[in-house]
Structure formats: C-alpha cells, structure tokens
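Please follow the chain below from its division into domains to the surroundings of its ligand. The paragraphs take these topics in turn.

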Amino acid sequence: MRAWVKSVQQRGQRIALVPTMGFLHEGHLSLMREGGRRADVVAASIFVNPTQFGPKEDLSTYPRDAEGDLARCGSAGVFGVYMPEPSAVYPPGYQTYVNVEEVSRGLDGEKRPGHFRGVATVVAKLLALFRPEVALFGEKDYQQLQVITRLAADLELGVEIVGMPTIREKDGLAMSSRNSYLSAEERVRALALSRGLFAAQHRAAAGERDVSKLVALIRTELEGVQAREDYVEIVDASRLTSLSTLEEGAPARALIAAFVGKTRLIDNMALQLG
Ligand code: AMP
C-alpha cells in the first residue's frame with residue numbers, strides 16, 4: 001500500500017480515503033463517489049477492526065461480502081481497496097493506541113468502553129498509511145465523525161475530514177450493515193428510531209426549546225415498538241455536551257442508540273430551532 005501511495009503522489013495526484021468495515025451499501029458508496037469529486041484517486045479500506053468491538057459485541061458475526069464489496073467499490077469509482085488481515089494491522093508486539101478524550105466520553109463512548117480508542121487507533125493508522133488529501137466519513141456515526149475530526153486536527157495530519165449526510169432507505173431507516181441482522185418484523189419496528197428523530201426535528205423547528213420534551217417524544221416512539229433504549233440524548237452538535245434547552249444559532253443534535261431484538265441500532269439528526 002505504501003508503494004502504491006508513493007507512486008500516486010509522485011504523479012502529483014491527490015488521494016481520497018474512505019475507511020469502512022465492508023458489507024457496503026449506498027451510504028458507503030455515497031462517500032466514495034464524493035471522494036471522486038474531491039480528489040484524483042479514491043482508495044477505500046475494508047477492515048472489521050477488532051479493537052473497536054467489546055468482548056460481548058458482534059465481531060465474529062459481523063456481516064461480510066468481500067467479492068460483492070469489491071464490485072460495489074468498482075462501480076463507485078474506487079481505484080484501490082485495502083483489505084488487511086487483523087494480524088497485519090496489529091502484529092505481535094503491537095502496543096500503540098490513540099485516545100481522543102472529551103468527545104469520546106459520553107454516548108457510544110460510555111456505552112461501548114474502548115470503542116473510540118479502537119476507532120481512533122485504526123483511523124490514525126490508515127491516515128498515516130494513505131496520507132490522503134481528504135478522508136470521508138458518514139454523519140450516521142456522528143460521534144465517530146467528531147472524534148476523527150478532533151484526531152486529525154490534534155495530530156496535525158494535514159487531511160481534510162469530510163462528513164457526509166446519512167443515507168436512508170425510502171421509509172426513513174438509516175442504512176447500516178447491521179440492518180442485515182433484523183428479521184422482517186424487527187425491520188418494521190426499527191423505523192421507530194428515525195420516526196422519533198423526525199418528530200423531534202419537526203417539533204424543534206416549530207419552536208419547542210425544552211430538550212426533555214423532545215427526548216420524551218423520541219422515547220414514546222421507541223417504547224411503542226418495545227425497542228430497548230441504550231441512550232437518547234440531545235447535545236451540542238460539535239462538543240457533544242448535554243443541553244437542557246435549544247438556543248437560536250446553536251446547532252444541536254439528537255442521538256439514539258436502541259436495541260431492536262438483539263440488534264443495536266444508532267441514528268441521529270440535526271435539530272434547529274424555529
Ligand atoms: P462502517 O462500515 O459502518 O464502519 O461505515 C463506514 C463509513 O460509512 C463510516 O464513515 C460511516 O459513518 C459511513 N456510513 C455508514 N452508514 C452510512 C449511511 N447510512 N449514510 C452515510 N454514511 C454511512
């Protein structure tokens with residue numbers, strides 16, 4: 001990979017990088033296509049990163065489709081795909097980890113201890129390997145996007161981190177590789193997440209400032225389908241600190257993690273007052 005990166009750079013071409021865990025869908029492909037608009041060559045990585053999974057999480061069952069993914073990458077204009085074995089990324093003796101402090105703390109950082117340490121470590125390694133001009137990430141994983149933005153700024157990596165909007169199914173469900181875990185019945189119940197977020201977004205746009213009322217609206221949707229809440233929070237959109245009221249000109253974000261059956265889903269949306 002390093003030799004390839006060098007040859008691209010010697011030609012004076014700029015690289016866009018799209019890191020993924022594979023089982024690609026339209027959300028991933030939207031990042032790749034945008035990469036093609038922002039740089040000369042698009043590279044992607046497909047790596048189910050063991051260090052970002054907790055001991056009781058779905059590392060061993062995470063869906064995979066290497067062949068289909070390569071075809072999808074090709075159709076989205078990706079030139080090269082890096083698919084390392086875990087032992088290539090973390091060889092024996094490996095001991096360096098990256099910790100992004102404040103923005104990693106709440107939300108998924110609290111519910112999935114060590115998750116963002118794993119994410120920040122692998123993304124730092126990928127950015128060091130590819131030296132991209134730009135790297136693209138989805139707002140679907142909103143806290144992850146903030147963690148990586150901070151990481152790139154703090155380590156002065158000279159890469160532009162681009163956040164891209166969440167791509168949804170026609171009925172509102174945020175696309176996710178983990179949606180493949182859902183049964184037909186759970187797939188219907190899973191709509192409660194986006195329904196709750198849209199409801200909160202509309203209520204905020206209509207002038208509701210009280211965060212507890214907006215959170216209650218989301219909880220009602222989750223309870224209506226017996227989805228088990230992991231968290232429902234409304235936070236400052238960049239610092240991710242809790243809010244009690246929405247203010248004009250202060251971007252806020254509503255974030256949910258909830259279990260539908262055994263599947264843990266996350267989703268989030270921007271809230272704008274008035
Ligand atoms: P993953 O393979 O789930 O690790 O995701 C790889 C990248 O794709 C991350 O930057 C995600 O935020 C992004 N992504 C995943 N789902 C979506 C989606 N529905 N819309 C936009 N981006 C997404």
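Contact is taken here to mean heavy atoms within 4.5 Å. With that criterion, 20 residues of domain 1 are in contact with 17 residues of domain 2, the two domains being the parts into which the protein chain is divided, domain 1 at 2–164 and domain 2 at 177–271, with bounds that come from an automatic or database domain assignment. This is a predicted model, in which local features need pLDDT of at least 70 and side-chain atom pairs count only at pLDDT 80 or more, while totals for chains, interfaces and linings use all residues. Residues are numbered from 1 along each chain as its sequence is written, and side-chain values use heavy atoms, with hydrogens and water left out.

The C-alpha centres of domain 1 and domain 2 lie 25 Å apart. The size of an interface is often given as the accessible area lost when the parts come together. Between domain 1 and domain 2 the buried area (the accessible area, with a 1.4 Å probe, that two parts lose on being put together, summed over both) is about 1700 Å², and carbon and sulfur atoms give 52% of that area.

Which atoms of the ligand lie 2.9 Å or 2.8 Å from polar atoms of the protein? For polar contacts, a pair of N or O atoms must lie within 3.5 Å; within protein, one must be able to donate a hydrogen and the other to accept it, and residues adjacent in sequence count only if both atoms are side-chain atoms. An oxygen atom of the ligand lies 2.9 Å from a polar side-chain atom of His28, an oxygen atom of the ligand is 2.9 Å from a polar backbone atom of Gly138, and a nitrogen atom of the ligand lies 2.8 Å from a backbone N or O atom of Ile167. The protein covers 93% of the 480 Å² of accessible area that the ligand has on its own, as computed by the Shrake-Rupley method with a 1.4 Å probe, where for residues only the protein chains shown count as cover.
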